[in-house]
Amino acid sequence: MSDGSDESTLGQIETEVALLMRFGEATRRATGTAEHRVLDRAAYVILRHLADAGPQNVSALASRLNLDGSTVTRQVSALQRDGLITRTPDPSDGRGTVISPTSTGLQRMAAVQAARTRLYGDMLADWTTDDRETLARLLGRLNQALVDRNRRR
């Protein structure tokens, strides 16, 4: 059982995460550069994952992104329609397909990534290297805790 101080801290974390999501989206929409808008959030996340992990089937993408397969299928269809991914037969399952980013998809993803990196560089310019590294590490732990919790359900 947590004491009052721990509950207060958890309440502050809840508020800060809610604000982070809200302010992050508002910042993305308000940023004047075109690079931020060449991909929607879902496309960016899928392309980032494919760039990091390599070609995947829809089930693997859905599992990694903690999404329903039908949601990922819709998102992948939109990416294919826009020429940002290709589908090829899955060599391990002839009924399925493997999703791969196209060069156009990778270029757009890289443009968004570079724009976001510059934005965070500007916003965190007066933070120490240690503070930025700590933030990155703690955000990674938070994201992993969210993934772990959702996978247990």
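## Exercises on a predicted fold

From the N terminus on, the elements follow the order α-α-β-α-α-β-β-α-α. The model is predicted, so local features need pLDDT of at least 70, side-chain atom pairs count only at pLDDT 80 or more, and totals for chains, interfaces and linings use all residues. Residues are numbered from 1 along each chain as its sequence is written, and side-chain values use heavy atoms, with hydrogens and water left out.

**Exercise 1.** Count the helices and strands, then describe the overall extent of the protein.

*Solution.* Start with the elements, which are DSSP runs numbered from the N terminus: helices are H or I with at least four residues, strands E with at least two. The count is six helices and three strands. Next, take the C-alpha trace, which spans about 55 × 40 × 25 Å along its principal axes. Finally, look at burial (buried is under 20% relative accessible area, exposed over 50%, partly exposed in between, with a 1.4 Å probe and protein chains only). Buried residues account for 22% of the 153 residues.

**Exercise 2.** Find the largest nonpolar core and the elements that build it.

*Solution.* Begin with the term: a nonpolar core is a set of buried Ala, Val, Leu, Ile, Met, Phe, Trp, Tyr and Cys residues joined through side-chain atoms within 4.5 Å. The largest one holds 17 residues, and those with the most contacts inside it are Leu39, Leu47, Leu61, Leu79, Ile85 and Ile99. Two or more residues each come from helices H2 (41-53), H3 (58-65), H4 (69-81) and H5 (103-123). H2 gives the largest share, five residues. As background, nonpolar side chains tend to be buried together in soluble globular proteins.

Now zoom in on Leu39, using contacts (heavy atoms within 4.5 Å). Leaving aside residues up to four places away in sequence, Leu39 touches Tyr44, Leu47, Leu84, Arg108, Met109 and Val112.

**Exercise 3.** Is His49 buried or exposed, and which side chain does its own side chain meet in a polar contact?

*Solution.* Locate His49 first: it sits in helix H2. His49 counts as buried because its relative accessibility is 12%. Its side chain makes a polar contact with the side chain of Gln56 at 3.1 Å. Such a contact is a pair of N or O atoms within 3.5 Å; within protein, one must be able to donate a hydrogen and the other to accept it, and residues adjacent in sequence count only if both atoms are side-chain atoms. Beyond four places in sequence, His49 touches Gly54, Gln56, Leu61 and Arg64.
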